[in-house]
Amino acid sequence: MADAGAGRAGGSRRGRGRGPRRPPTWEISDSDAEGSAGEAAATVRDPAEERRAAAKALRRLRPERAVRRLAVLVDPAILEDAAADILMEALDTLSCEYRVEPQRPARSLRWSRVKPDPCPPGVPPEVWAADEQDLLLLLEPQEFLQGVGQLIQSSGPTCSVPWICPESPARPHLAVIGLDAYLWSHQPSTQEMQQPENPVVARAKVAVGWPEVEEALVLLQLWANVDVLLVASWQELSQHVCAFTKALAQRPFKQSREPRAFSFCTAGRWAAGEQVARGGTGLRAAWRWQIQQFNRVSPAVADAVVAAFPSPRLLQQAYVTCSTEQERLVLLAGLPVKTGEGARPHRVGPDLSRRLCLLLTATNPDLLLDLGC
């Protein structure tokens with residue numbers, strides 16, 4: 001066997017030497033073919049596998065699971081209050097992680113999210129970064145009232161929030177515990193109000209009450225986009241923090257399910273409206289849809305009105321020819337409505353006739369057309 005193998009090998013060499021020389025060829029071994037096929041499979045993934053991976057990543061976004069990926073960062077200064085244990089016990093019930101870490105500014109809470117890998121499709125990248133910007137700052141009543149006095153004195157679009165650094169990229173929310181009780185306890189007594197006071201001393205005192213607080217709340221909301229939470233106890237504050245944490249946990253899931261800017265806008269004919277050409281094509285259909293926008297108006301009733309008056313201009317001309325107001329109000333009441341076989345015949349009726357008459361003839365913009373609302 002060895003000799004035969006050697007003879008075949010030698011003959012092969014001799015034949016290549018005697019005959020014409022062929023151009024070299026490249027051969028691909030089985031191992032090379034398997035490697036290239038593996039690389040192609042790695043680059044082109046199975047669509048079913050991608051759908052399974054996306055569904056698995058989407059399950060991680062469900063609120064009951066996503067809340068475990070949230071962490072509440074609590075500043076140590078908050079724990080100096082004896083009632084802060086109520087807040088920590090409330091966070092325990094959420095099954096979320098909370099860490100005691102120094103925050104800027106002091107006495108503040110922040111939220112941090114562990115981003116899933118891979119990220120599910122349909123969730124904008126800014127959703128994951130948005131949670132890092134939420135901040136809840138706790139203020140003492142006296143500290144809040146001092147800032148309210150400064151805010152009112154320098155009110156204007158260029159005013160800055162006294163408690164927050166303007167260079168901070170965070171979205172601040174303020175929380176004040178016991179402000180109402182503090183204001184009631186610091187009201188001047190009847191005896192102090194009856195005693196005459198030096199005008200100089202009276203001008204030196206800057207009294208901040210509920211009117212000034214309400215004015216400051218409006219300034220903060222309109223000019224600084226800062227929400228202020230006024231609570232009476234730590235129990236109410238804990239409920240707000242838990243509700244806010246749950247809302248953050250639901251945000252990516254809702255974004256993946258409702259990617260449109262306005263989820264209440266439905267796609268279809270109602271959303272697109274009627275196309276009206278320059279030649280007038282489509283006006284009749286637009287007039288029909290306008291009538292159907294009234295409450296309790298079926299397509300058959302709208303068709304009956306359009307069949308009698310194909311345009312609102314023709315109906316207005318008919319109202320002009322009426323001699324009395326009552327005649328105009330009941331002009332459309334007797335129009336017959338086409339119904340299916342076996343259905344009882346009926347007419348447009350005086351209700352819709354009155355509403356359409358007011359729509360096209362009334363001059364009061366605040367007039368209520370539908371009395372049945």
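Which residues have the most contacts inside the largest nonpolar core? I started my notebook with that one.

**Ground rules**

I am working with a predicted model, where local features need pLDDT of at least 70, side-chain atom pairs count only at pLDDT 80 or more, and totals for chains, interfaces and linings use all residues. Residues are numbered from 1 along each chain as its sequence is written, and side-chain values use heavy atoms, with hydrogens and water left out.

**Entry 1: the cores**

I looked up the largest nonpolar core and found 25 residues in it, with Ile78, Leu109, Leu136, Leu138, Trp234, Leu237 and Val241 having the most contacts inside. My rule for a nonpolar core: buried Ala, Val, Leu, Ile, Met, Phe, Trp, Tyr and Cys residues joined through side-chain atoms within 4.5 Å. For burial I use relative accessible area: buried is under 20%, exposed is over 50%, and partly exposed is in between (1.4 Å probe, protein chains only).

Next I checked where these residues come from. At least two core residues each are supplied by β1 (70-74), α5 (84-93), β3 (108-113), β4 (134-139), β5 (171-177) and α12 (234-257). The largest share, six residues, belongs to α12. Helices here are DSSP runs of H or I with at least four residues, strands are runs of E with at least two, and both are numbered from the N terminus.

I also picked out a second, separate core of 23 residues, which includes Trp287, Phe294, Leu352 and Leu358. As background, nonpolar side chains in soluble globular proteins tend to be buried together.

Then I followed Leu138. Leaving aside residues up to four places away in sequence, Leu138 touches Ile78, Arg107, Leu109, Ala175, Trp234 and Leu237. Contact here means heavy atoms within 4.5 Å.

**Entry 2: Ser238**

Is Ser238 buried or exposed? I found Ser238 in helix α12, and it is buried at 2% relative accessibility. Its side chain reaches the backbone oxygen of Trp234 at 2.8 Å and the backbone nitrogen of Leu87 at 3.4 Å. Ser238 also touches Ile86, Leu87 and Ala90, again not counting residues up to four places away in sequence.

**Entry 3: salt bridges**

I counted eight salt bridges, taking each as a side-chain nitrogen of Lys or Arg within 4 Å of a carboxyl oxygen of Asp or Glu.

Glu140 pairs with Arg107, and their closest N and O atoms are 3.6 Å apart. Arg107 is buried at 17% relative accessibility, whereas Glu140 is partly exposed at 38%.

Asp351 pairs with Arg296, with the closest N and O atoms 3.2 Å apart. Asp351 is in helix α18 (residues 350-361) and Arg296 is in the loop between α14 (283-292) and α15 (299-308), so the pair links parts 55 residues apart in sequence. I noted Asp351 as partly exposed at 33% and Arg296 as exposed at 55%. Through shared partners, salt bridges join Arg296, Asp351, Arg354 and Arg355 into one network.

I also checked Arg99 and Glu97, whose side chains meet in a salt bridge at 3.0 Å, N to O. Arg99 is partly exposed at 28%, and Glu97 is partly exposed at 39%.

**Entry 4: helix α15**

What do the buried residues of α15 pack against? I found Val301, Ala302, Ala304, Val305 and Val306 buried in α15. The buried residues of this helix pack against α14, β7 (336-337), β8 (346-347) and α18.

Note on methods
Polar contact = N/O pair within 3.5 Å; in protein donor to acceptor, adjacent residues only side chain to side chain.
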